[in-house]
Amino acid sequence: MVRIDQVGERIYRISSFAPHKRLSFNQFLIDDERPALIHTGTHPMYDDVRSAVAQVLDPARLAYVVVPHFEADECGGMGRFVAAAPEAVLVCSAVGARINLWQWDYAGPVQGVEDGDVVELGRHRLRFLETPHVHHWDSLMAFEETTRSLFPADLFLQPDDQPPVVYENLGAEMCGWYREAGIFAAEGPVRRVVDRLEPLAPAWAHPMHGGSVPAAVLPNYTAALREEPFAFDGRLFGRPLPD
Ligand SMILES: [Fe+2]
Ligand SMILES: [Fe+2]
């Protein structure tokens, strides 16, 4: 079941919970002159996500489909969202465009962005941060400057079915999930990005799994990332690999 919640000034969280994965999958829609969809959900989720977008605006008006890194839950619907919107451009990191879209099965327009690049949506402005190795080489985050909303992809996630806004300190659960799944090779690049995010003073972090985290609660999560181990410890989704 998909739910839609407004989590900011004309910013909508579209969320579905997958009990067998103990994770929710969130997409964020910014309603503006040039609307943006941040993450698309997986390929099979397309019809549900599209219907949810249509409750807010005509999906054919989408101007930007933002893919922060190339995994099915971030990009599985990108081809169809872009094809169904005549003005739409796929936005990913410059590295992502170079290593993932080159000679791949995607024929639509692409804008590869570098650190500091800005995309104007109208009233909203998306500034991009390149965040390599958090958790992929091509990882990108978006910061909406007028509402100070951070879209950190898989950083600050919380497992299980969470409310649209999370006030609980689930920093230990977050780090535990990262360790078990093995999605970060090392703590260093992540902690460097945490240090870069703090001066931005985000009013919100909108992770793609779990609930949105308001500014007053976010320090719990940054503290966990600074103090707890969360890097790959030999397990992939809980399955130990031989030493
Ligand atoms: Fe991911
Ligand atoms: Fe994800």
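The dialogue below turns to charged pairs and then to a surface patch.

Guide: Please note at the outset that this is a predicted model. As a general idea, side chains of opposite charge can pair when their charged atoms come close.

Visitor: How many salt bridges does a search of the whole structure find?

Guide: The search finds twelve salt bridges. One of them joins Arg196 to Asp115, with 3.0 Å between the closest N and O atoms.

Visitor: Which parts does the pair of Arg196 and Asp115 tie together?

Guide: Arg196 belongs to helix α6 (residues 188–197), while Asp115 sits in the loop between β7 (110–113) and β8 (118–120), so the contact ties together parts that are 81 residues apart in sequence. Arg196 is partly exposed, at 36% relative accessible area, and Asp115 is partly exposed at 36%.

Visitor: Which residues are linked in a network of salt bridges?

Guide: The network consists of Glu120, Arg125, Arg127 and Glu145. Within it, the closest N and O atoms of Arg127 and Glu145 are 2.4 Å apart. Arg127 is in strand β9 (residues 125–130) and Glu145 in the loop between β10 (140–144) and β11 (149–151), a separation of 18 residues.

Visitor: Turning to nonpolar side chains, which residues make a surface patch?

Guide: Phe232, Leu236 and Leu241 make a nonpolar patch of about 220 Å². Patch members need over 30% relative accessible area; Leu236, in strand β14 (residues 235–236), has 32% and is partly exposed.

Note on methods
Residues numbered from 1 in each chain as written. Chains lettered and ligands numbered in written order. Predicted model: local features only at pLDDT ≥ 70, side-chain atom pairs only at ≥ 80, totals over all residues. Heavy atoms only, no water. Patch = residues over 30% accessible without salt bridge, like charges linked within 9 Å, V, L, I, M, F, W, Y side chains within 5 Å. Areas by Shrake-Rupley, 256 points an atom, 1.4 Å probe, with all protein chains shown as cover. Salt bridge = Lys/Arg side-chain N within 4 Å of Asp/Glu carboxyl O. Helix = DSSP H or I, 4+ residues; strand = E, 2+ residues; numbered from the N terminus. Buried < 20%, exposed > 50% of the residue type's maximum accessible area, 1.4 Å probe, protein only.
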